[in-house]
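Dear colleague,

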Amino acid sequence: MYYLGTILACIIGYLIGAISFSVIIVRWRHGVDIRTTGSGNAGATNTARLLGKKWGIAVVFLDGIKVVVVAFVAVGLSFINNSLFSQTSYFIPCIFALIGHCYPVYYNFKGGKAVSCFLGLLLVVNYIYLLLFLFIWWTTIFIFKKVSMSSIVAALTIGVIIWIPHTYGVDSYLYKWNSWTEFNAAWANGYIFTEFNWMHTLTPHQYASSIVEMQICILIGFLILGWRHFPNIKRLKNKTEPVTFPKLTNEEKRKLKLERELIRQQKKQAKVKKTKTTNN
């Protein structure tokens with residue numbers, strides 16, 4: 001019985017992943033539900049449309065960090081000196097954080113499209129995958145100006161590369177639940193991709209997830225991301241997907257500024273009205 005720690009970490013991971021920072025931030029700044037305005041998606045891109053790119057970047061960071069936090073929670077459980085917890089995987093709970101982000105129990109199961117959490121998953125697995133994803137993402141968006149296309153192309157590239165076992169420092173797929181011995185040999189070779197499992201080296205127990213487990217986790221993350229982008233894929237196929245951040249005319253910029261100011265004024269008036277009601 002090695003799985004209790006992993007199961008518990010998955011539950012915690014889902015609950016942490018279900019926290020939607022785009023919903024929280026937009027409601028705090030504008031007093032509206034992000035899922036009822038703009039594209040209707042609870043994500044960084046829609047946040048950037050409503051609040052500006054700085055807030056969009058903040059949402060990407062916070063949603064990605066959720067996954068990293070879940071990984072550390074799982075590693076913390078593996079410190080428990082008991083066979084039920086000593087072999088707690090931190091990759092599988094990260095997938096549940098991603099699922100929680102897309103289908104959050106706190107927000108009627110209507111969440112984001114998984115891109116930010118997928119970035120967090122790549123960081124946990126290997127920072128080189130994250131850097132490669134970002135390079136492809138920025139290159140694609142520079143050319144096509146469409147976030148959906150950039151996200152899909154970058155994720156697809158990673159989804160292909162993960163099936164090349166030699167990049168891990170081994171010449172075959174490791175499938176055993178505990179691949180500590182095999183990874184020790186890979187780490188000794190100094191391969192750049194042997195950052196996999198580095199969190200397991202922090203624990204006092206000799207345990208490391210298998211390559212197959214990590215590959216499956218990234219694959220599931222990619223499939224969820226693809227599913228959440230299915231409407232975008234259809235529009236891309238039909239050549240009807242709009243440019244994410246079109247160049248606005250001065251008149252459009254002025255109109256957008258007025259709309260944001262109107263929302264701020266409405267929020268301020270509602271706050272004053274609430275204060276007066278409370279005092280009375």
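Which residues are buried in helix α2 (residues 21–30)? In this predicted model, the buried residues of helix α2 are S22, V23, I25, V26 and H30. Directly after α2 comes G31, which takes a positive phi of about 75°.

As for the chain overall, it has 12 helices and 0 strands, and the order of its elements from the N terminus on is accordingly written α-α-α-α-α-α-α-α-α-α-α-α. Of the 280 residues in the chain, 46% are buried.

In general, two packed helices are described by the angle between their axes and the distance between the axes. For α3 and α4, the axes come within 7 Å and cross at roughly 155°. Since angles over 145 degrees count as roughly antiparallel, α3 and α4 are therefore roughly antiparallel to each other, and their crossing is right-handed. On the side of α3, the contact is made by A44, T47, A48 and L51, while α4 contributes K53, W55, G56, V59 and V60.

Beyond α4, the residue F79 is placed in the loop between α4 and α5 (91–102). Is F79 buried or exposed, or something in between? F79 has a relative accessibility of 42% and therefore counts as partly exposed. Although F79 and T203 are 124 residues apart in sequence, their C-alpha atoms are 5.8 Å apart in space. Once the neighbours within four places in sequence are left aside, F79 is in contact with L202, T203, P204 and H205.

Finally, helix α10 (residues 211–228) has 18 residues, and the distance from its first C-alpha to its last is 26 Å, close to the 26 Å expected at 1.5 Å a residue. The buried residues in α10 are I211, E213, M214, Q215, C217, I218, G221, F222, I224, L225 and R228. When you look along that helix, please keep in mind that an α-helix has 3.6 residues a turn, so residues three or four places apart point the same way.

Note on methods: Residues are numbered from 1 along each chain as its sequence is written. This is a predicted model: local features need pLDDT of at least 70, side-chain atom pairs count only at pLDDT 80 or more; totals for chains, interfaces and linings use all residues. Side-chain values use heavy atoms; hydrogens and water are left out. Helices (H or I, at least four residues) and strands (E, at least two) are DSSP runs, numbered from the N terminus. The expected span of a helix is 1.5 Å times one less than its number of residues. Buried means under 20% relative accessible area, exposed over 50%, partly exposed in between (1.4 Å probe, protein chains only). Axes are lines fitted to C-alpha atoms, for helices over the stretch in contact, and angles run from 0 to 180 degrees between N-to-C directions. Angles under 35 degrees count as roughly parallel, over 145 as roughly antiparallel, 65 to 115 as roughly perpendicular and the rest as oblique. A crossing is left-handed if the near helix is turned anticlockwise from the far one by less than a right angle, and right-handed if clockwise. Contact means heavy atoms within 4.5 Å.
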